[in-house]
Amino acid sequence: MKTKLSNYLRPLLGALLVSSAALAAPVSAEVRQLDRIVAIVDNDVIMQSQLDQRMREVQQTIEKRGAEMPPTEVMQQQVLERLIAENLQLQIGERSGIRISDEELNQAMGTIAQRNNMTLDQFRGALERDGLSLETAREQIRREMVISRVRQRRIAERVQVSNQEVENFLASDLGKLQLSEEYRLANILIPVPESADSAAIQAAEQTAMDTYKQIQDGADFARLAVSRSASENALEGGDMGWRKAAQLPPPFDTEVRDMAVGDVTQPVRTPPGFIMLKVLDKRGGDTQVRDEIHVRHILIKPSQIRSEEESRRLVQRLRDRILAGESFAELAKNFSEDPGSALNGGDLDWIDPSSLVPEFREVMANTPSGQLSEAFKTPYGWHILEVLGRRATDTSQEFREQQALTLLRNRKYDEELQAWLRQIRDEAYVEIKI
């Protein structure tokens with residue numbers, strides 16, 4: 001949090017007062033270890049308790065992965081640098097007026113629990129088993145949401161990809177090749193400072209080659225990433241997630257296509273330092289066939305003047321009138337309360353079922369073409385629908401265009417992000433106290 005310099009001296013004042021009280025107490029009184037500052041970061045501080053908590057979380061992650069634990073001092077340096085980077089971004093968020101409401105935070109917590117097939121109570125229990133309270137988890141998620149919005153404002157909004165860039169990429173040999181497959185990668189970065197002299201560069205290169213040799217001799221890549229890498233994902237064992245070849249700088253963009261799962265590249269000199277990549281997995285293919293359904297519907301919404309039951313009965317009467325021979329389209333125009341389709345006779349055109357709410361999707365899937373569904377309810381109100389047709393559509397070209405756009409944006413975003421993180425770290429006042 002952004003504060004005046006004098007404000008972060010308050011913990012020191014509190015410590016002095018407690019220490020004075022301890023001096024005045026009997027000699028036999030118990031002396032308690034006080035929290036202390038481990039780093040001053042611009043106008044904020046990082047406390048020992050924060051560092052200890054994050055160290056415990058990282059250790060648990062490494063243990064779950066079954067990787068060998070790196071030396072404590074090495075891991076502590078990595079964790080502290082991560083905390084410094086987060087702190088700087090949080091201060092930028094504070095100055096920019098970025099706030100996360102309780103409603104947004106609750107929604108994020110619910111989404112995380114849902115993705116893990118848990119209720120909130122089950123999620124709370126899982127956190128407690130991992131040694132985390134719900135309040136601690138909420139604070140971590142809030143921090144991550146603030147950082148995400150800071151990056152969105154500072155980085156993502158500046159990244160633009162033109163239609164011409166997409167077309168050029170799709171027409172290139174690299175674009176055609178790489179869209180057929182994607183790779184789950186891990187990396188190790190041995191850093192080289194911008195102002196490094198030849199001796200420092202040689203030392204970094206020697207470290208990189210020594211690391212590569214250890215990997216070739218059977219050393220665990222993830223363990224070495226945690227202990228030696230300076231990349232942002234070092235504490236995750238260097239795991240970069242799934243990437244396309246076009247997102248990688250040369251020569252990795254061409255090398256990775258010929259690598260098998262488990263292969264590791266030799267160290268390559270890049271602006272940030274010497275990098276090596278490991279292929280953890282492969283997947284993909286550019287043929288995309290999407291099932292689409294042509295459907296029309298009538299929606300009646302409950303309101304203050306029409307109850308739930310009255311809405312259901314109205315939909316049922318409209319269904320009976322259609323079965324008796326009246327025009328579905330005319331009744332939809334006159335009665336449907338879906339503004340997006342009513343004027344078109346309730347026609348939703350050809351639609352991807354995955355874009356619809358589950359209740360609508362399920363009824364649509366179970367209704368034969370040319371038949372009218374029973375009345376059913378969704379969060380929007382009461383419906384009847386008619387399936388007019390089904391087809392499988394080859395969306396490979398659309399998919400390739402979207403993939404190209406995403407890849408080019410991600411490549412530019414990654415470059416901008418790494419440069420920006422180095423910039424704010426270089427420009428910040430950071431004093432490490434351990």
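This is a predicted model: local features need pLDDT of at least 70, side-chain atom pairs count only at pLDDT 80 or more; totals for chains, interfaces and linings use all residues.

What follows is a chat about strands, a helix, salt bridges and rings.

Visitor: Okay, strands. Which partners does β1 pair with?
Guide: Strand β1 (residues 37-41) pairs with strand β2 (residues 44-47) in the antiparallel sense, over four bridges. β1 also pairs with strand β11 (residues 430-432), again antiparallel, over three bridges. Strands pair here if DSSP finds at least two bridges between them. The elements themselves are DSSP runs numbered from the N terminus: helices are H or I with at least four residues, strands are E with at least two.

Visitor: Who faces whom?
Guide: Ile40 stands opposite Val45 in β2, while Ala39 stands opposite Ile432 in β11.

Visitor: And what happens at the turn of the hairpin?
Guide: There are two residues between β1 and β2, and Asp42 takes a positive phi near 50° in that hairpin.

Visitor: Is β1 mostly covered or open?
Guide: Mostly covered: five of its five residues are buried. Buried means under 20% relative accessible area, exposed means over 50%, and partly exposed is in between (1.4 Å probe, protein chains only).

Visitor: What comes after α3?
Guide: Gly97 follows α3, and its phi is positive, near 75°.

Visitor: Salt bridges next. How many are there?
Guide: The structure holds 26 salt bridges. The criterion is a side-chain nitrogen of Lys or Arg within 4 Å of a carboxyl oxygen of Asp or Glu. In general, side chains of opposite charge can pair when their charged atoms come close.

Visitor: What about Glu374 and its partner?
Guide: Glu374 forms a salt bridge with Arg319, and their closest N and O atoms are 3.4 Å apart. That pair links distant parts of the chain: Glu374 is in the loop between α14 and β9, Arg319 is in helix α12 (residues 308-323), and they are 55 residues apart.

Visitor: Why do you call one end exposed and the other buried?
Guide: Because Glu374 has a relative accessible area of 52%, it is exposed, whereas Arg319, at 11%, is buried. There is also a network: salt bridges that share partners join Arg54, Glu57, Glu86 and Arg143.

Visitor: Now rings. How many aromatic pairs does the rule give?
Guide: The count comes to one aromatic pair. It is Phe360 with Phe376, edge-to-face, at 5.6 Å centre to centre and 70° between the planes. Phe360 sits in helix α14 (residues 358-365) and Phe376 in strand β9 (residues 376-378), so to speak distant parts of the chain, 16 residues apart. Both Phe360 and Phe376 are buried. The rule takes rings of Phe, Tyr and Trp (its six-membered ring) with centres within 6.5 Å; planes under 30 degrees apart are stacked, over 60 edge-to-face, and the rest tilted.

Visitor: Which charged ends sit over rings?
Guide: Among them, the charged end of Arg391 sits over the ring of Trp350, 4.1 Å from its centre. The charged end of Arg269 sits over the ring of Phe274, 5.7 Å from its centre. This requires NZ of Lys or CZ of Arg within 6 Å of the ring centre and within 35 degrees of the ring normal.

Visitor: Last one: which residues does Ala234 touch?
Guide: Leaving aside neighbours within four places in sequence, Ala234 is in contact (heavy atoms within 4.5 Å) with Gln78, Arg82, Ala225, Val226 and Ser229. Ala234 is found in the loop between α10 (221-228) and β4 (239-243), and counts as buried at 0% relative accessibility.

Note on methods: Residues are numbered from 1 along each chain as its sequence is written. Side-chain values use heavy atoms; hydrogens and water are left out.
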